[in-house]
Amino acid sequence: MRPGNWRDVRLDVASPSAVRALIERDRPGAVVYVAYDRVDRTVTVDGAEAAARGAAAVGARFLLTSTDLVFDGRAGNYSELMAATPLMPYGQLKLEAEVAAKDASPGAVILRPSLMVGESGILMQPAYECGNLMRGQPVQLYADEWRSAVHVDDVARAVWDLVSGEVSGVFHLGGPERLSRLELGKLLCAMFRFEPRLIKEAQRPEDRPRDTSLDSRRLVTLLGWSPRALGASARLPLAGVGV
């Protein structure tokens, strides 16, 4: 059991009426929408809009977790002022969810985390790498795809700080290291004691963004703390980090 005053509720987030009814019944002080489906618009977009609309109706703070994949990856080091032009369908759905949430709840917070790393409930993130490595299966990882991987605990802390305040708008949250997926895979082996020989280098498909690393200085300045460096925490020297 998790410590604290928790209550688990089964909810069909693809049903806007069910989402709104739950919020109207419980009248929370804050609503954080993290549900998504990479292909189902009803979950990723319609559910977010319903939750934002429900939050606005009861005067609750609203935060939507989005993604760095709202960018096409051509530039890298993306700030909140740079135009979001998704390359992948999932990124497009998340961008539509951002627009819908802001329209439904003008005071909404949109948090764009990079690829998350760490233990999240009963899961380990990132799911593709960790799931296969835990089963002893090889993973093909790209040396030419870069992210600002961030620890799940830092994302949770930022969410709490943001909904506890009064700010609104879009914020980026990435770790301080610019890591390729290949570098991250090696780092995961050091962090969680996976077998490094299972990591295989592969070439990134053209339909995946090349570099969606994030500039998180706006959020770091606002919150007064910085996300941890994953490479330092694993005590693993990573060639090319930060370049």
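A word on the labels: helices (H or I, at least four residues) and strands (E, at least two) are DSSP runs, numbered from the N terminus. What you see is a predicted model, in which local features need pLDDT of at least 70 and side-chain atom pairs count only at pLDDT 80 or more, while totals for chains, interfaces and linings use all residues. Residues are numbered from 1 along each chain as its sequence is written, and side-chain values use heavy atoms, with hydrogens and water left out.

Now step back into helix 4 itself, residues 127-134. Which of its residues are buried? They are Glu 129, Cys 130, Gly 131, Asn 132 and Leu 133. Buried here means under 20% relative accessible area, exposed means over 50%, and partly exposed is in between, using a 1.4 Å probe and protein chains only. The cover over those buried residues includes strand 5 (123-125), strand 6 (139-142), helix 6 (181-192) and strand 11 (199-202).

The peptide bond joining Gln 125 and Pro 126 is cis, with omega about 0°. For background, most peptide bonds are trans, and most residues other than glycine have a negative phi.

Arg 27 is not a glycine, yet its phi is positive, about 50°. You can find Arg 27 in the loop between helix 1 and strand 1 (30-33), and its relative accessibility of 54% makes it exposed. Arg 193 also has a positive phi, about 60°, without being a glycine. Its place is the loop between helix 6 and strand 11, and with a relative accessible area of 79% Arg 193 is exposed.

Next, the helix packing. Two packed helices are described by the angle between their axes and the distance between the axes. The axes here are lines fitted to C-alpha atoms, for helices over the stretch in contact, and angles run from 0 to 180 degrees between N-to-C directions. Helix 1 (residues 16-26) packs on helix 2 at about 30°, with the axes 8 Å apart. The two are therefore roughly parallel; that term covers angles under 35 degrees, with over 145 called roughly antiparallel, 65 to 115 roughly perpendicular and the rest oblique.

Who meets whom there? From helix 1 we have Pro 16, Val 19, Arg 20, Ile 23 and Glu 24, and they meet Gly 47, Ala 50, Ala 51, Gly 54, Ala 55 and Val 58 of helix 2. Contact means heavy atoms within 4.5 Å. By class, this contact of helix 1 with helix 2 has 7 nonpolar, 2 polar and 2 charged residues. Ala, Val, Leu, Ile, Met, Phe, Trp, Tyr, Cys and Pro count as nonpolar, Asp, Glu, Lys and Arg as charged, and the others, Gly among them, as polar.

Helix 2 (residues 41-58) has another partner in helix 3 (residues 89-104): their axes come within 8 Å and cross at roughly 15°. Helix 2 and helix 3 are therefore roughly parallel too. On the helix 2 side, the contact includes Thr 44, Val 45, Ala 48 and Ala 52, and on the helix 3 side it includes Leu 93, Ala 97, Ala 100 and Ala 104. The contact of helix 2 with helix 3 divides into 9 nonpolar, 1 polar and 5 charged residues.

My last stop is strand 7. Arg 147 lies in this strand, residues 146-147. Is Arg 147 buried or exposed? At 5% relative accessibility, Arg 147 is buried. Its side chain has a polar contact of 2.7 Å with the side chain of Asp 68, and another of 3.4 Å with the side chain of Glu 145. A polar contact is a pair of N or O atoms within 3.5 Å; within protein, one must be able to donate a hydrogen and the other to accept it, and residues adjacent in sequence count only if both atoms are side-chain atoms.

Trp 146 is also in strand 7, and it is buried, with a relative accessible area of 14%. Leaving out residues up to four places away in sequence, Trp 146 touches Arg 178, Leu 179, Ser 180, Arg 210, Asp 211, Thr 212 and Ser 213.

Finally, Ala 143 sits in the loop between strand 6 and strand 7, and at 28% relative accessibility it counts as partly exposed.
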